[in-house]
Amino acid sequence: MFNPVRSRFSLAVGALLVMTALPAAAGPSIEDSLALSMSKGIRDRMFWNLSVVSTKTKTESEQPRDMTPEIVSIADLTAMRNQKATDLYNRLQAAGQLTTVSSAQFFAALNSSTSLSSATNPTMVSIRNALQTEQDLVDLVKIRYYGTPTSLGLSANKLLDAALSAPVDPGDPTVDGYGFESGAGYLTTPQGIRAKSGNPSETLALSVGYFLNDDQNWAVEALVLGAPLRATVYGAGTNDRGDPNQLAGQSIINTKMLPPMAKFGYYFGNKNWVVRPYVGIAAMYAIFFDTKTTSYFDEYQGGKTSISLKNAFGVGPFIGLQSDVAKSGWQVGVSIGKIKIKTEATLVTRGTMFKTGDLALTDYKQTTADAIDQAESLLTTANNNATNANNARATPFASTTYNIAPGGMTTELMKDLAAYKQVAQGGDGTLGTFVRKQRSTLDNTIFMLSVGKSF
């Protein structure tokens with residue numbers, strides 16, 4: 001099977017070997033011109049290498065940390081529902097259609113289990129008949145749905161409350177869900193999200209070195225020029241149920257890295273040996289740039305996400321071999337080393353919105369996933385309640401059926417919450433901007449195949 005990575009590597013190796021076989025060109029070369037300005041002793045100790053650098057990275061990442069307030073909280077859902085109820089009451093009062101019902105009676109009726117189509121509860125009859133538009137009717141049903149337990153079953157914020165604060169096992173009160181008190185729960189980044197590096201990355205690099213003694217045992221070498229390494233990061237981790245999460249195996253981040261490196265080491269034997277083993281230590285400063293998230297990751301996060309990776313420093317051992325090809329002065333070397341670095345990603349998601357069926361919703365705890373499913377399953381019941389309430393009005397509106405949440409209950413709930421935040425909290429019409437940080441350790445295995453020559 002054709003392997004593009006292996007093919008590129010093979011071509012690069014071929015190019016390096018061809019260079020070692022080229023005859024010296026007639027006339028003064030650039031190398032000779034540079035050498036004119038150096039003493040023979042210095043020239044004999046200086047060398048350059050052109051290397052194929054291949055890096056394979058093993059990643060260990062921590063759980064992302066939320067640096068901004070929660071995405072959705074029970075407190076905000078409750079405040080949104082109460083504001084929606086207040087706005088409806090004020091509209092009906094301003095229209096002069098609800099003069100016989102006080103605000104206390106209005107809220108008591110909405111918080112009760114009285115059917116919206118009741119013909120025996122005077123307050124509910126007055127509220128129903130006071131509605132001015134079909135949107136008023138839809139809002140009335142949503143307020144009831146978003147509120148306390150009623151004939152509709154558990155409401156959206158009560159479902160979330162149950163999901164966050166109730167025991168995972170109802171029969172065992174010592175086994176908590178998310179560990180929140182009732183009414184204090186919230187949702188942030190799902191647990192278990194991890195990241196891992198993709199396939200090995202290759203690049204060409206030019207280095208310059210200097211032997212510190214005449215027998216050319218001790219040497220320092222620095223990479224001075226090289227093309228950036230390109231890396232793809234994939235999602236990993238498991239959700240609360242032990243299954244791979246929705247990011248697992250998906251490409252989520254693309255980045256580039258410049259790896260300036262300096263090596264210090266010892267070459268065994270002396271400069272006349274044909275093959276010389278090498279041991280040393282290297283220091284690398286990883287410079288990350290042009291880092292971007294993929295569209296799949298943006299969808300999972302709920303909005304367009306920008307990312308930056310903190311540059312990192314690392315030190316590690318190297319071993320290798322160097323050979324003087326046919327005593328020609330051309331050196332061919334191979335080395336392998338390991339350098340571990342620690343970095344931190346900062347992710348900023350703007351214009352966050354979630355909707356029914358979004359992938360991230362399935363990665364919360366089982367109790368939360370069950371609550372979301374239950375909320376969605378109540379949509380038909382809620383629509384029937386809207387239709388029945390309309391039919392029970394003294395003068396029904398024109399519509400004979402209703403769909404209070406065309407995109408699903410989660411979609412509708414998030415839209416209403418975003419609208420509330422825009423008015424009450426100066427939001428942008430979405431759930432907001434959220435910042436997360438995630439620390440990762442990158443364990444790099446670096447393989448280098450080099451060809452070079454002394455000055």
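Predicted model: local features only at pLDDT ≥ 70, side-chain atom pairs only at ≥ 80, totals over all residues.

User: How are H4 and H12 oriented to each other: roughly parallel or roughly perpendicular?

Analyst: Helix H4 covers residues 74-94 and helix H12 covers residues 409-424, and their axes are 10 Å apart. The two pack at an angle of about 80°. Angles of 65 to 115 degrees count as roughly perpendicular. H4 and H12 are therefore roughly perpendicular.

User: How do the residues of the contact of H4 with H12 divide into nonpolar, polar and charged?

Analyst: From H4 the contact takes Asp76, Leu77, Ala79, Met80, Gln83 and Lys84, which meet Leu413, Asp416, Leu417, Tyr420 and Lys421 in H12. Several of the H4 residues are also buried, among them Asp76, Leu77, Met80 and Lys84. By class, the residues of this contact come to six nonpolar, one polar and four charged.

User: Which residues touch the most other members in the largest nonpolar core?

Analyst: The largest nonpolar core has 63 residues. Take Val72 as an example: beyond its neighbours within four places in sequence, Val72 is in contact with Leu77, Leu160, Tyr186, Leu187, Met414, Leu417 and Leu431. A second, separate core of 22 residues includes Phe211, Tyr267, Met284 and Ile341. Back in the largest core, the residues touching the most other members are Val72, Leu98, Phe106, Ile404 and Leu431.

User: Is Met257 buried or exposed, and what is its relative accessible area?

Analyst: Met257 sits in strand S9, residues 251-258. Leaving aside neighbours within four places in sequence, its contacts are Pro228, Leu229, Ala286, Ile287, Phe288 and Phe289. Buried means under 20% relative accessible area. Met257 therefore counts as buried, with a relative accessible area of 12%.

User: Why does Ser440 count as buried?

Analyst: Ser440 lies in strand S15, residues 434-454. Not counting residues up to four places away in sequence, Ser440 touches Thr59, Glu60, Ser61, Ile341, Lys342 and Thr343. Ser440 is buried because its relative accessible area is 13%.

User: Gln216 has a positive phi; what is its relative accessibility?

Analyst: Most residues other than glycine have a negative phi. Gln216 has a positive phi, near 55°, and is a residue other than glycine. Gln216 is found in the loop between strand S6 (201-211) and strand S7 (218-226). Gln216 counts as buried, at a relative accessibility of 14%.

User: And is Asp290 buried or partly exposed?

Analyst: Asp290 is placed in strand S11, residues 275-293. Although not a glycine, Asp290 has a positive phi of about 50°. At 37% relative accessibility, Asp290 counts as partly exposed.

User: Last one: what share of the contacts with a separation of 6 or more comes from residues 24 or more positions apart?

Analyst: For the protein as a whole, the secondary structure comes to 12 helices and 15 strands. Of its 455 residues, 44% count as buried. Among contacts with a separation of 6 or more, residues 24 or more positions apart account for 74%.

Conventions:
Residues numbered from 1 in each chain as written. Heavy atoms only, no water. Helix = DSSP H or I, 4+ residues; strand = E, 2+ residues; numbered from the N terminus. Buried < 20%, exposed > 50% of the residue type's maximum accessible area, 1.4 Å probe, protein only. Contact = heavy atoms within 4.5 Å. Axes fitted to C-alpha atoms, helices over the stretch in contact; angles between N-to-C directions. Parallel < 35°, antiparallel > 145°, perpendicular 65-115°, else oblique. Nonpolar A, V, L, I, M, F, W, Y, C, P; charged D, E, K, R; others polar. Core = buried A, V, L, I, M, F, W, Y, C linked by side-chain atoms within 4.5 Å.
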